[in-house]
Amino acid sequence: MISISACSALTQSDKPATKRWWLEPYQVEVAGNPAGMPETVVLSVTAIPGLDTDRILTLSDDAELSQFAAARWVDHLPELVTSLIERSLQATGQFEVVTERTASRPGNCLLELELREFFADIAPGGALSTVRVAIKGSFRCESTAPVVFQSGASVPIASERMSAVVAAFQQAMDSVTLDIVNKIQ
C-alpha cells in the first residue's frame, strides 16, 4: 500500500501540464508555373541566439527575453519554420524542396533564412500587445542574380489566452511566408 501511494505522488503534480502548440503551413495561391517543372530548392533555416528553442518567447519593453510557462512549440523554431516554409513552397507547385545533402547538384537553388524575431511583445504595463516574426533571407539560383530580402510581420494579440497568442503567431507566419514566396518567384 505504501508503494502504491508513493508511485501516485510521482505521477501527480501541482504544476500545470506543458502544452505543445502547432502552426500550419500557409497555402500560397500562385498563378501557374510557366516553366512546367518546379525549381529544386535547398532550404536552410537558422536562428539568432536566443531563438533556437521550442519555448514560446516573450520580449518586454526593457529587452528581457522570457517565455510562457508550460507552453512549447512542437519543435525548436528552426525546425518548425523549416517545415512550415518547405510545405508552403511545395504546395505552390513551383518548388521542390530537397535536403542539404543535394545542395551541390547543378541546377539547385539555395534559400537561406535566418530567424531574427519570433516572440510576443509585452507592453510596459505587463500586458501582451503584439506578436513579431522577422526573417532575413537570400535566394540564389545558377541562372539568376541572388535576391537578398527581409520579411516581417507584427500582429496584435486579441486576448491574454495562449490560443490567441498562437493565432497571432499563425497570422504573422502566414504573412511572412507569402512575402517570401513572392520575393523568390
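Trainee: In which helix is Thr92 found?

Mentor: Please bear in mind that this is a predicted model. Thr92 belongs to helix H2, which covers residues 77–92.

Trainee: Is Thr92 buried or exposed?

Mentor: The idea is to compare the relative accessible area with a cut-off, and buried means under 20%. Thr92 has a relative accessibility of 11%, so this residue counts as buried. Leaving aside residues up to four places away in sequence, Thr92 touches Val28, Val30 and Val181.

Trainee: How many helices and strands does the protein chain have?

Mentor: The protein chain has 3 helices and 8 strands. Read from the N terminus, their order is α-β-β-β-β-α-β-β-β-β-α. The chain has 185 residues, of which 41% count as buried. As for contacts between residues at least 6 apart in sequence, 69% join residues at least 24 apart.

Trainee: At what angle do H2 and H3 pack?

Mentor: The general idea comes first. Two packed helices are described by two quantities, the angle between their axes and the distance between the axes. In this structure, H2 and H3 pack at about 55°, and their axes are 11 Å apart. The two helices are therefore oblique to each other. The crossing of H2 past H3 is right-handed.

Trainee: Which residues of H2 and H3 make the contact?

Mentor: On the H2 side they are Val81, Leu84, Ile85, Ser88, Leu89 and Thr92. On the H3 side they are Met173, Thr177, Ile180, Val181 and Ile184.

Trainee: Let us turn to the aromatic rings. How many aromatic pairs does a search of the whole structure find?

Mentor: The search finds 3 aromatic pairs. One of them joins Trp73 and Phe118, with ring centres 5.9 Å apart and 80° between the planes. To name the geometry, one looks at the angle between the planes, and an angle over 60 degrees counts as edge-to-face. The pair of Trp73 and Phe118 is accordingly edge-to-face. This pair links distant parts of the chain, since Trp73 is in strand E4 (residues 65–73) and Phe118 is in strand E6, 45 residues apart.

Trainee: Are Trp73 and Phe118 buried or exposed?

Mentor: Trp73 is buried, at a relative accessible area of 0%. Phe118 also counts as buried, with 1% relative accessibility.

Trainee: Why is the pair of Phe118 and Phe169 stacked?

Mentor: The pair is stacked because the planes of the two rings lie at 15°, with the centres 5.2 Å apart. Phe118 is in strand E6 and Phe169 is in helix H3 (residues 162–184), so this pair ties together parts that are 51 residues apart in sequence. Phe118 and Phe169 are both buried.

Trainee: Which residues form a disulfide?

Mentor: One looks for two cysteine sulfur atoms within 2.5 Å of each other. Here the count comes to 1 disulfide. Cys109 and Cys141 form the disulfide, and their sulfur atoms are 1.8 Å apart. The link is right-handed, with 110° about the S-S bond.

Trainee: Which parts does the pair of Cys109 and Cys141 tie together?

Mentor: Cys109 is in strand E6 (residues 109–122) and Cys141 in strand E7 (residues 128–141), so the link ties together parts 32 residues apart in sequence. Cys109 is buried, at 1% relative accessible area, and Cys141 is buried at 12%.

How values were computed. Residues are numbered from 1 along each chain as its sequence is written. This is a predicted model: local features need pLDDT of at least 70, side-chain atom pairs count only at pLDDT 80 or more; totals for chains, interfaces and linings use all residues. Side-chain values use heavy atoms; hydrogens and water are left out. Helices (H or I, at least four residues) and strands (E, at least two) are DSSP runs, numbered from the N terminus. Buried means under 20% relative accessible area, exposed over 50%, partly exposed in between (1.4 Å probe, protein chains only). Contact means heavy atoms within 4.5 Å. Rings of Phe, Tyr and Trp (its six-membered ring) pair if their centres lie within 6.5 Å; planes under 30 degrees apart count as stacked, over 60 as edge-to-face and the rest as tilted. Axes are lines fitted to C-alpha atoms, for helices over the stretch in contact, and angles run from 0 to 180 degrees between N-to-C directions. Angles under 35 degrees count as roughly parallel, over 145 as roughly antiparallel, 65 to 115 as roughly perpendicular and the rest as oblique. A crossing is left-handed if the near helix is turned anticlockwise from the far one by less than a right angle, and right-handed if clockwise.
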